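Try each task before reading its solution.

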Amino acid sequence: MKNLAKIIAVANQKGGVGKTTTAVNLAACIAAKKKKVLLVDCDPQGNASSGFGVEKSELDKTIYHVLIDNVPVAEVLQKTEFKVDILPANIELAGAEVELVAAISRETRLKKALDTVRDNYDYILIDCPPSLGLLTLNSLAAADSVIMPIQCEFYALEGVAQLMKTIELVRNNLNANLAIEGVVMTMYDSRTKLAEQVVAEVKNSFDTAVYKTRIPRTVRLSEAPSYGQPILYYDKKSKGAEVYMKLAKEVIARG
(Lines give C-alpha, C1' and ligand atoms only; values in the text may rest on other atoms or scores of the structure.)
Protein backbone atom coordinates (compact mmCIF):
# COMPACT_ATOMS: atom_id res chain seq x y z
CA MET A 1 0.00 0.00 0.00
CA LYS A 2 1.44 3.32 -1.05
CA ASN A 3 1.51 6.28 1.30
CA LEU A 4 -1.07 8.92 0.57
CA ALA A 5 0.10 12.53 0.61
CA LYS A 6 -0.86 14.75 3.47
CA ILE A 7 -2.83 17.63 1.94
CA ILE A 8 -2.40 20.97 3.70
CA ALA A 9 -4.23 24.17 2.73
CA VAL A 10 -2.38 27.40 3.51
CA ALA A 11 -5.23 29.80 4.17
CA ASN A 12 -6.18 33.18 5.56
CA GLN A 13 -8.75 35.28 3.78
CA LYS A 14 -6.98 38.45 4.91
CA GLY A 15 -4.52 39.49 2.19
CA GLY A 16 -0.91 40.47 2.78
CA VAL A 17 -0.21 38.11 5.68
CA GLY A 18 2.59 36.15 4.01
CA LYS A 19 0.35 33.30 2.86
CA THR A 20 1.91 32.70 -0.56
CA THR A 21 5.41 33.37 0.81
CA THR A 22 4.76 30.62 3.36
CA ALA A 23 3.28 28.18 0.81
CA VAL A 24 6.19 28.64 -1.63
CA ASN A 25 9.03 28.52 0.87
CA LEU A 26 7.55 25.76 3.01
CA ALA A 27 7.07 23.62 -0.12
CA ALA A 28 10.71 24.17 -1.17
CA CYS A 29 12.07 23.46 2.31
CA ILE A 30 9.99 20.29 2.79
CA ALA A 31 11.20 19.11 -0.63
CA ALA A 32 14.78 19.83 0.44
CA LYS A 33 14.15 17.31 3.25
CA LYS A 34 13.80 14.65 0.54
CA LYS A 35 10.01 14.62 0.55
CA LYS A 36 7.96 14.58 -2.65
CA VAL A 37 5.97 17.80 -2.78
CA LEU A 38 3.22 19.19 -5.01
CA LEU A 39 2.25 22.85 -4.64
CA VAL A 40 -1.26 23.67 -5.87
CA ASP A 41 -1.72 27.31 -6.84
CA CYS A 42 -5.40 28.03 -6.17
CA ASP A 43 -5.05 31.82 -6.25
CA PRO A 44 -5.93 33.66 -9.50
CA GLN A 45 -2.97 35.99 -8.88
CA GLY A 46 -0.75 32.99 -9.61
CA ASN A 47 2.02 34.23 -7.32
CA ALA A 48 2.90 30.76 -6.06
CA SER A 49 3.47 29.72 -9.69
CA SER A 50 5.72 32.67 -10.50
CA GLY A 51 7.49 32.18 -7.14
CA PHE A 52 8.82 28.94 -8.64
CA GLY A 53 9.78 30.55 -11.94
CA VAL A 54 6.69 29.40 -13.89
CA GLU A 55 5.84 31.83 -16.72
CA LYS A 56 2.12 32.34 -16.10
CA SER A 57 1.44 34.02 -19.44
CA GLU A 58 2.86 31.05 -21.38
CA LEU A 59 0.74 28.35 -19.78
CA ASP A 60 -1.52 26.31 -22.09
CA LYS A 61 -3.33 24.62 -19.23
CA THR A 62 -3.72 25.56 -15.59
CA ILE A 63 -5.70 24.52 -12.53
CA TYR A 64 -8.62 26.35 -14.18
CA HIS A 65 -8.82 23.56 -16.80
CA VAL A 66 -8.64 20.93 -14.06
CA LEU A 67 -11.57 22.47 -12.16
CA ILE A 68 -13.77 23.49 -15.09
CA ASP A 69 -12.95 21.04 -17.91
CA ASN A 70 -11.91 18.01 -15.82
CA VAL A 71 -8.46 17.95 -17.44
CA PRO A 72 -6.32 15.40 -15.49
CA VAL A 73 -3.87 16.93 -13.00
CA ALA A 74 -1.03 14.90 -14.56
CA GLU A 75 -1.48 16.81 -17.84
CA VAL A 76 -1.20 20.21 -16.19
CA LEU A 77 1.62 19.64 -13.69
CA GLN A 78 4.83 21.61 -14.13
CA LYS A 79 8.12 20.17 -12.92
CA THR A 80 10.47 22.78 -11.45
CA GLU A 81 14.21 22.83 -10.85
CA PHE A 82 13.50 23.20 -7.11
CA LYS A 83 12.33 19.59 -6.57
CA VAL A 84 8.71 20.77 -6.23
CA ASP A 85 5.94 20.06 -8.76
CA ILE A 86 3.45 22.87 -9.39
CA LEU A 87 -0.20 22.80 -10.39
CA PRO A 88 -0.07 26.35 -11.76
CA ALA A 89 -2.60 29.18 -11.97
CA ASN A 90 -2.99 32.46 -13.77
CA ILE A 91 -5.67 35.15 -13.97
CA GLU A 92 -7.94 32.75 -15.93
CA LEU A 93 -8.71 31.13 -12.60
CA ALA A 94 -10.70 34.21 -11.54
CA GLY A 95 -13.41 33.05 -13.97
CA ALA A 96 -13.66 29.72 -12.16
CA GLU A 97 -15.34 31.37 -9.14
CA VAL A 98 -18.25 32.34 -11.39
CA GLU A 99 -18.33 29.21 -13.55
CA LEU A 100 -18.25 26.87 -10.57
CA VAL A 101 -21.48 28.32 -9.17
CA ALA A 102 -23.59 26.30 -11.61
CA ALA A 103 -21.29 23.25 -11.72
CA ILE A 104 -22.20 19.81 -10.38
CA SER A 105 -20.30 18.86 -7.18
CA ARG A 106 -18.76 22.29 -7.32
CA GLU A 107 -17.07 22.25 -3.89
CA THR A 108 -15.33 18.89 -4.31
CA ARG A 109 -13.77 19.21 -7.77
CA LEU A 110 -10.28 19.88 -6.49
CA LYS A 111 -10.51 16.97 -4.06
CA LYS A 112 -11.45 14.54 -6.84
CA ALA A 113 -8.66 15.87 -9.06
CA LEU A 114 -5.98 15.58 -6.35
CA ASP A 115 -7.10 12.07 -5.40
CA THR A 116 -5.72 10.92 -8.78
CA VAL A 117 -2.14 11.97 -7.89
CA ARG A 118 -2.24 11.70 -4.14
CA ASP A 119 -0.13 8.56 -3.91
CA ASN A 120 2.70 10.19 -5.91
CA TYR A 121 3.58 12.64 -3.14
CA ASP A 122 4.36 12.95 0.56
CA TYR A 123 2.90 16.45 0.86
CA ILE A 124 0.46 18.47 -1.23
CA LEU A 125 0.29 22.14 -0.23
CA ILE A 126 -2.53 24.36 -1.50
CA ASP A 127 -2.06 28.12 -1.71
CA CYS A 128 -5.60 29.46 -1.16
CA PRO A 129 -6.84 32.81 -2.46
CA PRO A 130 -7.33 35.62 0.09
CA SER A 131 -11.13 35.27 0.01
CA LEU A 132 -13.78 32.83 1.15
CA GLY A 133 -15.29 31.89 -2.22
CA LEU A 134 -15.60 28.58 -4.06
CA LEU A 135 -11.85 28.28 -4.70
CA THR A 136 -11.14 28.38 -0.97
CA LEU A 137 -14.04 25.98 -0.28
CA ASN A 138 -12.56 23.56 -2.87
CA SER A 139 -9.18 23.84 -1.17
CA LEU A 140 -10.59 23.17 2.32
CA ALA A 141 -12.77 20.31 1.07
CA ALA A 142 -9.65 18.69 -0.45
CA ALA A 143 -7.35 19.24 2.54
CA ASP A 144 -6.61 17.12 5.59
CA SER A 145 -5.60 20.21 7.53
CA VAL A 146 -5.00 23.96 7.42
CA ILE A 147 -1.93 26.06 8.14
CA MET A 148 -2.90 29.63 9.02
CA PRO A 149 -0.31 32.36 8.57
CA ILE A 150 -1.14 35.21 10.98
CA GLN A 151 0.56 38.58 10.71
CA CYS A 152 1.88 40.08 13.95
CA GLU A 153 -0.34 43.14 13.84
CA PHE A 154 -3.29 44.66 15.64
CA TYR A 155 -6.10 43.31 13.43
CA ALA A 156 -4.58 39.85 13.05
CA LEU A 157 -7.29 37.89 14.82
CA GLU A 158 -10.20 39.49 12.97
CA GLY A 159 -9.42 37.59 9.76
CA VAL A 160 -8.84 34.40 11.71
CA ALA A 161 -12.28 34.47 13.34
CA GLN A 162 -13.82 34.61 9.88
CA LEU A 163 -11.64 31.73 8.63
CA MET A 164 -12.54 29.61 11.68
CA LYS A 165 -16.24 30.07 10.86
CA THR A 166 -15.57 28.88 7.31
CA ILE A 167 -13.60 25.87 8.59
CA GLU A 168 -16.52 24.98 10.85
CA LEU A 169 -18.89 25.28 7.89
CA VAL A 170 -16.67 23.00 5.80
CA ARG A 171 -16.47 20.46 8.65
CA ASN A 172 -20.25 20.38 8.95
CA ASN A 173 -20.98 20.07 5.25
CA LEU A 174 -18.00 18.90 3.18
CA ASN A 175 -15.04 17.57 5.14
CA ALA A 176 -15.73 16.41 8.70
CA ASN A 177 -12.08 15.60 9.41
CA LEU A 178 -10.55 18.96 8.48
CA ALA A 179 -8.01 19.76 11.19
CA ILE A 180 -5.95 22.80 12.18
CA GLU A 181 -2.42 21.77 11.20
CA GLY A 182 -0.80 24.82 12.74
CA VAL A 183 -0.58 28.58 13.06
CA VAL A 184 2.52 30.40 11.85
CA MET A 185 3.26 33.95 12.99
CA THR A 186 4.55 36.06 10.08
CA MET A 187 6.14 39.51 9.72
CA TYR A 188 7.35 39.13 13.28
CA ASP A 189 9.48 41.89 14.78
CA SER A 190 10.87 40.88 18.16
CA ARG A 191 11.70 44.51 18.99
CA THR A 192 8.06 45.55 19.28
CA LYS A 193 5.77 45.02 22.22
CA LEU A 194 2.82 44.60 19.84
CA ALA A 195 4.33 41.50 18.20
CA GLU A 196 4.66 39.82 21.60
CA GLN A 197 1.08 40.78 22.52
CA VAL A 198 -0.30 39.36 19.27
CA VAL A 199 1.67 36.12 19.72
CA ALA A 200 0.33 35.81 23.29
CA GLU A 201 -3.22 36.40 22.09
CA VAL A 202 -2.91 33.86 19.27
CA LYS A 203 -1.41 31.29 21.67
CA ASN A 204 -4.34 31.93 23.97
CA SER A 205 -6.70 31.00 21.13
CA PHE A 206 -4.75 28.15 19.51
CA ASP A 207 -2.44 26.86 22.26
CA THR A 208 -0.07 24.15 20.99
CA ALA A 209 -1.12 24.62 17.35
CA VAL A 210 1.13 27.72 17.17
CA TYR A 211 4.50 26.85 15.62
CA LYS A 212 7.59 27.81 17.61
CA THR A 213 9.19 29.18 14.43
CA ARG A 214 8.24 32.79 13.69
CA ILE A 215 8.79 34.37 10.29
CA PRO A 216 10.42 37.82 10.43
CA ARG A 217 10.15 40.59 7.86
CA THR A 218 13.29 40.40 5.74
CA VAL A 219 14.37 42.11 2.54
CA ARG A 220 15.70 38.87 1.02
CA LEU A 221 12.35 37.11 1.54
CA SER A 222 10.51 39.87 -0.30
CA GLU A 223 13.12 39.95 -3.11
CA ALA A 224 13.12 36.21 -3.88
CA PRO A 225 9.75 36.00 -5.75
CA SER A 226 10.83 38.59 -8.35
CA TYR A 227 13.67 36.20 -9.28
CA GLY A 228 11.28 33.24 -9.50
CA GLN A 229 13.06 31.39 -6.71
CA PRO A 230 12.17 30.19 -3.22
CA ILE A 231 14.38 31.80 -0.55
CA LEU A 232 16.31 28.54 -0.05
CA TYR A 233 17.70 28.90 -3.60
CA TYR A 234 17.79 32.69 -3.83
CA ASP A 235 19.89 33.08 -0.67
CA LYS A 236 20.55 29.87 1.21
CA LYS A 237 22.38 31.62 4.04
CA SER A 238 19.70 34.23 4.69
CA LYS A 239 17.59 34.47 7.84
CA GLY A 240 14.49 33.75 5.71
CA ALA A 241 15.92 30.45 4.46
CA GLU A 242 16.91 29.50 7.99
CA VAL A 243 13.46 30.11 9.50
CA TYR A 244 11.56 28.36 6.72
CA MET A 245 13.82 25.30 7.08
CA LYS A 246 13.00 25.32 10.79
CA LEU A 247 9.28 25.60 10.02
CA ALA A 248 9.54 22.71 7.53
CA LYS A 249 11.11 20.55 10.28
CA GLU A 250 8.23 21.41 12.62
CA VAL A 251 5.62 20.59 9.97
CA ILE A 252 7.29 17.24 9.17
CA ALA A 253 7.67 16.43 12.86
CA ARG A 254 3.93 16.92 13.40
CA GLY A 255 3.15 14.89 10.30
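**Exercise 1. A residue and its partners**

Leaving aside neighbours within four places in sequence, find the residues that Thr-166 is in contact with.

Solution. Step one: contact means heavy atoms within 4.5 Å. Step two: applying this, Thr-166 is in contact with Leu-132, Leu-137 and Leu-140, once neighbours within four places in sequence are set aside. Step four: Thr-166 is buried, because its relative accessible area is 9%; buried means under 20% relative accessible area, exposed over 50% and partly exposed in between (1.4 Å probe, protein chains only).

Two notes before going on. This is a predicted model, in which local features need pLDDT of at least 70 and side-chain atom pairs count only at pLDDT 80 or more, while totals for chains, interfaces and linings use all residues. Residues are numbered from 1 along each chain as its sequence is written, and side-chain values use heavy atoms, with hydrogens and water left out.

**Exercise 2. Helix 7 against helix 8**

Describe how helix 7 and helix 8 cross, and say which residues meet.

Solution. Step one: take the axes, which are lines fitted to C-alpha atoms, for helices over the stretch in contact, with angles from 0 to 180 degrees between N-to-C directions. Those of helix 7 (residues 134-142) and helix 8 (residues 156-173) come within 10 Å and cross at roughly 60°. Step two: classify the angle. Under 35 degrees counts as roughly parallel, over 145 as roughly antiparallel, 65 to 115 as roughly perpendicular and the rest as oblique, and helix 7 and helix 8 are therefore oblique to each other. Step four: Leu-137, Leu-140 and Ala-141 of helix 7 meet Thr-166, Ile-167 and Val-170 of helix 8. These contact residues divide into 5 nonpolar, 1 polar and no charged; Ala, Val, Leu, Ile, Met, Phe, Trp, Tyr, Cys and Pro count as nonpolar, Asp, Glu, Lys and Arg as charged, and the others, Gly among them, as polar.

How many residues of helix 7 are buried? The count is 9 of the 9, so helix 7 is largely enclosed by the rest of the structure. Among them are Leu-134, Thr-136, Asn-138 and Ser-139.

**Exercise 3. Two further helix pairs**

Work out how helix 8 is oriented to helix 9, and helix 1 to helix 12.

Solution. Step one: helix 8 and helix 9 (residues 193-206) pack at about 20°, with axes 11 Å apart, and are therefore roughly parallel to each other. The contact joins Ala-156, Leu-157, Val-160 and Met-164 of helix 8 to Val-198, Glu-201, Val-202 and Phe-206 of helix 9. By class, it has 7 nonpolar, no polar and 1 charged residues.

Step two: helix 1 (residues 19-32) and helix 12 (residues 239-254) pack at about 70°, their axes 8 Å apart. That makes helix 1 roughly perpendicular to helix 12. Contact residues include Asn-25, Leu-26 and Cys-29 of helix 1 and Tyr-244, Met-245 and Ala-248 of helix 12. The contact has 10 nonpolar, 3 polar and no charged residues.

**Exercise 4. The cysteines**

How many disulfides are there?

Solution. Step one: a disulfide is a pair of cysteine sulfur atoms within 2.5 Å. Step two: by this rule the count is 0. The sulfur of Cys-128 is 6.5 Å from the closest cysteine sulfur, in Cys-42, which is too far for a bond. Cys-152 is in no disulfide either, with the nearest cysteine sulfur, that of Cys-29, 19 Å away. Step three: check burial. Cys-128 is buried at 0% relative accessible area, Cys-152 is buried at 10%, and Cys-29 is buried at 1%.

**Exercise 5. Positive phi**

Where are Asn-70 and Lys-83 found, and are they buried or exposed?

Solution. Step one: Asn-70, with phi near 55°, is in the loop between helix 3 (63-69) and helix 4 (73-76). Asn-70 is exposed, at 56% relative accessible area. Step two: Lys-83, with phi near 70°, is in the loop between strand 3 (78-79) and strand 4 (84-87). Lys-83 is exposed, with a relative accessible area of 56%.

How values were computed:
Helices (H or I, at least four residues) and strands (E, at least two) are DSSP runs, numbered from the N terminus.
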